[in-house]
Amino acid sequence: MKQLAVLTLLIFSPFVNHAQISTGKVEDTKKKQAEESKKEEKAPRKKYDPDAGLMDFTAFIGAGYSIGSHKIEPNGDLFGRPVGLRADEKMVNRWTYQLGIRNRIHKYFSIEAGLSIDRYGESYQFESTVAGNDSSYSYDRKYNMLALPIQVYFTYGKRVQFLAGAGIQPYIPLSLKTKTTAMDSLGNSLDIPDTRTIEGLNSAGINLLFSAGVQYRFSRFASVYLIPSYSLGLSNIYGKQEPHKEWLNALNIRFGLAVHFPEMTKEKKVKPAKEPKEKKKFNW
């Protein structure tokens, strides 16, 4: 009987040891790791790559310094008069303001649309050169236009973008202000009230736009830009019954801040490495 009991213990002891290993804490830890890896695979994370194409939506706000020029000629109708003193007018540089949206619709193309306040200025000054006559005459005229620039850009680059394009700019007049100053030969100033009216202006017009510049993206959500544009007046700003015709042009040095709403790119799924299977150990 003793020999039979010893033989029985020797036969069943390997299975008892193996059962102790398989039911230990090691197996529970592996199960937890496998469950966590499955959860990560089901919900892939997202990341931002600043140089992955930047096909995102952009809003911008900025200002510009407008260097203007104009073309004046007599109205050919019955109301026309010679240009006269206006031939000696000088353009006054003024600040402009703009806001809008820009979207990169292709690897090499972007489209832009917005609103801008375009401002132009004209001035004239006369001083008598006759001895004993100190009379003088001067005026300043300021135009404010609400414009809707629409442009298509050729766009190259990612973090640093170079843009060059063209488009159109419909506009409507907002205000026209003329300030006149005069002094007689005795040095007495003449009272000439300022005039504010847009009655003599056309109700709407259109310009042709050409732009080229650069935009630098310094963070995930923001960039700065410098995009000068040249507007070529295609429409006479005055009405049909005005004595003159005039076309306004300007080189507008635009700059400002852009805010980005980036697209997110999905991370590639990485399969967890398979752990080598443990060899079964039999303890005799």
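What follows is a short account of confidence and of salt bridges.

This is a predicted model, in which local features need a pLDDT of at least 70 and side-chain atom pairs count only at pLDDT 80 or more, while totals for chains, interfaces and linings use all residues. Residues are numbered from 1 along each chain as its sequence is written, and side-chain values use heavy atoms, with hydrogens and water left out.

The pLDDT, the predictor's confidence in each residue from 0 to 100, has a mean of 81 over the protein chain, and 70% of the residues reach 70 or more. Over residues 18-26, however, the pLDDT is below 50. Where pLDDT is low, the predicted coordinates should not be read in detail.

Side chains of opposite charge can pair when their charged atoms come close.

| Salt bridge | N to O distance |
|---|---|
| Arg86 and Glu89 | 2.8 Å |
| Arg102 and Glu112 | 2.9 Å |
| Glu122 and Arg141 | 2.9 Å |

Glu122 lies in strand β5 and Arg141 in strand β6 (residues 136-147), so this pair ties together parts that are 19 residues apart in sequence; strands here are DSSP runs (E, at least two residues), numbered from the N terminus. Both Glu122 and Arg141 are buried, which means under 20% relative accessible area with a 1.4 Å probe and protein chains only. Salt bridges that share partners join Arg86, Glu89, Glu122, Arg141 and Glu246 into one network.

Key:
Contact = heavy atoms within 4.5 Å. Salt bridge = Lys/Arg side-chain N within 4 Å of Asp/Glu carboxyl O. Helix = DSSP H or I, 4+ residues; strand = E, 2+ residues; numbered from the N terminus. Buried < 20%, exposed > 50% of the residue type's maximum accessible area, 1.4 Å probe, protein only.
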